[in-house]
Amino acid sequence: MMDDIARLREKMNTTFIEDKAGLERFRQDFIGKKGCIAHLFETFKQLPIAAKKAIGPALNGLKNEAEKKFKSAASALEVVPPPAIQQPVDVTLPAFGAAIGSLHPLTIVQNKIISIFQRMGFNLAEGSEIVGDWHNFGALNFPENHPARDLQDTFFLQLNPAQLLRTHTTSVQISTCTAQSPPIRSIAVGRVFRNEAISARSHCFFHQVDGMYIDTAVTFSDLKGTIYHFVEAMFGEATKLRFRASYFPFTEPSAEVDIHCRLCQGKGCTVCKYAGWVEILGAGMIDPNVLTNCQVDPEQYSGFAFGMGIERITMLLYQIDDLRLFSENHLAFLRQFRGCLGFSDAAVFAK
Ligand SMILES: [Zn+2]
């Protein structure tokens, strides 16, 4: 009987199952009720107990092998793709549409801001998100231990506390200013980080555009002209704006710029906190100390600088009331900007 088992195993191993008919034949020949293995079990029943003990494991092993081969062949035949052409292809059916994505609202607005300033002759500069204390604070007239540093709650690197995540893109301007000599017209764009609680109004990271112009005899009038042009190109010609005295360590005098609330037209609403005005950017004449720190002679040159949060501008433009929407990746939110894919710069180009 052991010989029968061995012969059957060999026969089974050399049987190739190519299709469903072959699978059915295999089932009938080997594991069906009238198959070879069932037949062997019939014979097995009549053996004496000693012989059963000797042969039983081999016979059971053969049965298990046959079932395993059947199952794997069956599952393999299930996944075999059907023949390529089962029925005629109707070439007149419409094609499957390709899924088209859209630009992120922050990217749309960032591109528009860059475009407006590039048309005024500003170069685009980029810099590292991890910077030294000098680039983020020291060179910008934030003395060590000065309370002005508290305005920007900063992430320092644990392994090297002399390095930090930049709190503003103004840090890029220090590199630009040190590497070039005036006249310099440059904007820096990128992500900045501050240790702030995440809410509808603030986040631990956001995006900024920072600009500066350094040349001989640059005045506050140049700054005002630049900002007026920007606001007009960004928000429309009828937009009212005002300069409000403010404080930044790296500019003197400093100002914050507000525009008339677009929602209530200055009458007062929750967005403008019933003030009728919303702040869009900070600006001022570059402090002579900062120019000196960048090896620019403040006796010969002067300059202005400005900075704005891209999130804030985007929220005002599209009337978005929660900052967190920008980073939560909800498609229902992002798909609303599909129409902006072909953003027209016509208004800006015309300037
Ligand atoms: Zn309002």
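This is a predicted model: local features need pLDDT of at least 70, side-chain atom pairs count only at pLDDT 80 or more; totals for chains, interfaces and linings use all residues.
Residues are numbered from 1 along each chain as its sequence is written, and side-chain values use heavy atoms, with hydrogens and water left out.

Helices (H or I, at least four residues) and strands (E, at least two) are taken as DSSP runs and numbered from the N terminus, and two strands are said to pair if DSSP finds at least two bridges between them. On these terms, seven strands form an open sheet with mixed pairing, in the order β1-β4-β5-β9-β8-β7-β6. The edges are held by β1 (123-125) and β6 (241-248), each of which has a single partner strand, so one side of each is left without a neighbour in the sheet. From one strand to the next, the twist averages 25°, where axes are lines fitted to C-alpha atoms, for helices over the stretch in contact, and angles run from 0 to 180 degrees between N-to-C directions.

Strands of a sheet pair through backbone hydrogen bonds, either parallel or antiparallel. Here, β4 and β5 run antiparallel and are joined by 10 bridges, with Met 212 of β5 as the bridge partner of Ser 186. β5 also pairs with β9 in the antiparallel sense, over eight bridges, and Met 212 has Ala 305 in β9 as its bridge partner. Ala 305 is in turn the bridge partner of Gly 284, and Ala 283 stands opposite Phe 306 in β9. The strands involved in this last pairing, β8 (residues 277-286) and β9 (residues 302-309), run antiparallel and are joined by four bridges. Helix α10 (residues 310-318) packs on the sheet, where α10 touches β4 (184-193), β5 (205-215), β7 (251-260), β8 and β9, and the direction of α10 makes about 60° with that of β9; contact here means heavy atoms within 4.5 Å. Towards β7, strand β8 pairs in the antiparallel sense over eight bridges, and Glu 279 in β8 is the bridge partner of Asp 258.

A residue is called buried under 20% relative accessible area, exposed over 50% and partly exposed in between (1.4 Å probe, protein chains only). Eight of the 10 residues of β8 are buried, so β8 is largely enclosed by the rest of the structure, and β5 is mostly covered, with 10 of its 11 residues buried. Gly 303, which lies in strand β9, has 2% relative accessibility and therefore counts as buried. Leaving aside its neighbours within four places in sequence, Gly 303 is in contact with Tyr 213, Ile 214, Val 218, Gly 284, Met 285 and Ile 286. Gly 303 and Pro 183 are 120 residues apart along the chain, and their C-alpha atoms are separated by 9.4 Å.

Helix α7 (residues 170-179) is also mostly covered, with seven of its 10 residues buried, namely Thr 170, Ser 171, Val 172, Gln 173, Ile 174, Thr 176 and Cys 177. The cover over the buried residues of α7 includes β1, β2 (130-132), α6 (133-136), β4, β5 and α9 (288-293).

Two packed helices are described by the angle between their axes and the distance between the axes. For helix α5 (residues 105-118) and helix α8 (residues 220-235), the axes come within 10 Å and cross at roughly 135°. That angle makes α5 oblique to α8, since angles under 35 degrees count as roughly parallel, over 145 as roughly antiparallel, 65 to 115 as roughly perpendicular and the rest as oblique. The contact is made by Val 109, Lys 112, Ile 113, Ile 116 and Phe 117 of α5 and by Thr 226, His 229, Phe 230, Ala 233 and Met 234 of α8. By class, this contact has seven nonpolar, two polar and one charged residues, where Ala, Val, Leu, Ile, Met, Phe, Trp, Tyr, Cys and Pro count as nonpolar, Asp, Glu, Lys and Arg as charged, and the others, Gly among them, as polar.

The axes of helix α1 (residues 2-13) and helix α3 (residues 36-45) come within 11 Å and cross at roughly 170°, which makes α1 roughly antiparallel to α3. Asp 4, Ile 5 and Leu 8 in α1 meet Cys 36, Ile 37 and Leu 40 in α3, and by class the contact has five nonpolar, no polar and one charged residues.
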